[in-house]
Amino acid sequence: MLNAAIKKQVRWIGSQPYFGATFFFAFFFALLFYFIPPPRGDWERTFYRAGQNALHVYQDHEIHYVYPPWLTLILAPFSLFSSTVAFALWRAASVIMVSFAVRRFGGDIKSLAFTLCTPFFYALMVYGQIDALILLGVSLAIHSSLGLQLIGCLLILIKPQVAGLTLPIVWLRSDHKTGLLLFGLTVVLFSLIIWGFWPLDVYAMMAILSTRNSIDVWPYGLLLGIPLIVLAWRRRSVETAMIATYFCVPYANLQSLLPIFAVLFAKLSSKVSLVLLIGTWLILIVSASI
């Protein structure tokens with residue numbers, strides 16, 4: 001009976017083109033980088049170790065961990081596997097999170113394919129970063145449910161430099177403003193009880209954060225970022241607030257642009273998306289050659 005139920009689910013997934021494409025891409029990228037592993041990156045140095053030391057991640061600053069502690073609870077199950085297997089699983093999970101968000105913002109298979117062809121997604125796969133979680137957070141935060149909004153906001157707070165300016169917009173759009181604030185403060189309070197005053201640990205480790213690979217446009221980006229903030233506020237636009245965040249932060253990684261482009265591809269036509277994709281690659285190639 002169980003086998004019949006599993007086969008039924010597999011047939012259902014296969015009959016849904018978008019879900020079928022999602023699982024194909026998830027397995028493809030997981031296996032690709034499993035058999036052709038990139039150089040050691042953030043996954044091995046930070047996230048896998050953080051999952052292994054979930055309750056002691058800030059102890060003696062042995063791990064360069066500059067994130068809220070609830071991220072470790074997400075990473076902990078992956079630490080049950082070897083680093084290589086865990087990394088493959090994390091890559092597959094990242095594809096699924098990206099796919100969910102693209103669909104949530106109204107995208108289709110083409111939108112998903114464009115997103116997975118960006119240099120930002122490639123950087124996510126190579127370094128083993130967590131920006132897909134932030135994208136997932138934004139897609140959950142725009143839901144009408146208080147629980148999903150809370151989870152979404154907590155995910156966004158993991159890397160506020162990616163989509164942090166969406167938080168006030170989410171709160172303004174929410175029908176659960178008081179509940180969102182109270183439950184959010186409760187989670188932070190419990191985190192302080194369990195992990196101590198971890199914001200000080202994060203601040204101390206940020207002092208030695210390498211910014212040589214930052215692609216920020218600070219402070220000149222404020223000239224565009226501030227008007228975008230005003231526009232986002234007036235329109236209650238989460239998408240505009242995401243874009244504004246990039247222009248208002250002094251530090252951004254290549255993969256941190258993935259959430260913005262995933263939403264753009266979900267909203268734009270295929271022709272415009274193709275031009276944007278090609279233009280992005282050309283800009284990066286020219287910039288790298290200068």
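Q: Helices are DSSP runs of H or I with at least four residues, strands are runs of E with at least two, and both are numbered from the N terminus. In which helix is the place of F261?
A: F261 belongs to helix α16, residues 258–267. The model is predicted: local features need pLDDT of at least 70 and side-chain atom pairs pLDDT 80 or more, while totals for chains, interfaces and linings use all residues. Residues are numbered from 1 along each chain as its sequence is written, and side-chain values use heavy atoms, without hydrogens and water.

Q: How many helices and strands are there in the protein?
A: The protein has 17 helices and zero strands.

Q: Why does F261 count as buried?
A: Its relative accessibility is 11%. Buried means under 20% relative accessible area, exposed over 50%, and partly exposed in between, with a 1.4 Å probe and protein chains only. F261 is therefore buried.

Q: Which residues is F261 in contact with, leaving aside its neighbours within four places in sequence?
A: They are T115, F120, L276 and T280, where contact means heavy atoms within 4.5 Å.

Q: What does the radius of gyration say about the protein?
A: The radius is taken over C-alpha atoms, and the globule rule is 2.2 Å times the number of residues to the power 0.38. For 290 residues the rule puts a compact globule near 19 Å; the protein has 19 Å, so the two agree. The C-alpha trace spans about 50 × 50 × 45 Å along its principal axes, and buried residues make up 46% of the 290.

Q: Why is the pair of Y58 and W198 called stacked?
A: Rings of Phe, Tyr and Trp (its six-membered ring) pair if their centres lie within 6.5 Å; planes under 30 degrees apart count as stacked, over 60 as edge-to-face and the rest as tilted. The structure holds 20 aromatic pairs. In the pair of Y58 and W198 the centres are 6.5 Å apart and the planes stand at 10 degrees, so the pair is stacked.

Q: What makes the pair of Y58 and W198 a tie between parts of the sequence?
A: Y58 lies in the loop between α3 (42–52) and α4 (70–75), and W198 in helix α13 (residues 198–206), so the pair ties together parts 140 residues apart in sequence. Y58 is buried at a relative accessible area of 5%, and W198 is buried at 10%.

Q: Why is the pair of Y65 and Y67 called edge-to-face?
A: The ring centres of Y65 and Y67 are 5.4 Å apart and the planes stand at 65 degrees, so the pair is edge-to-face. Both Y65 and Y67 are buried. Together with F47, Y58, W70 and W198, they form one aromatic cluster.

Q: How do you know that the peptide bond from W218 to P219 is cis or trans?
A: Omega is near -5 degrees, and the bond is cis. Most peptide bonds are trans. P219 lies in the loop between α13 and α14 (222–235) and is partly exposed, with a relative accessible area of 39%.

Q: Why does R236 count as partly exposed?
A: The relative accessibility of R236 is 33%, so R236 counts as partly exposed. R236 has its place in the loop between α14 and α15 (238–247), and its phi is positive, about 55 degrees, although R236 is not a glycine.
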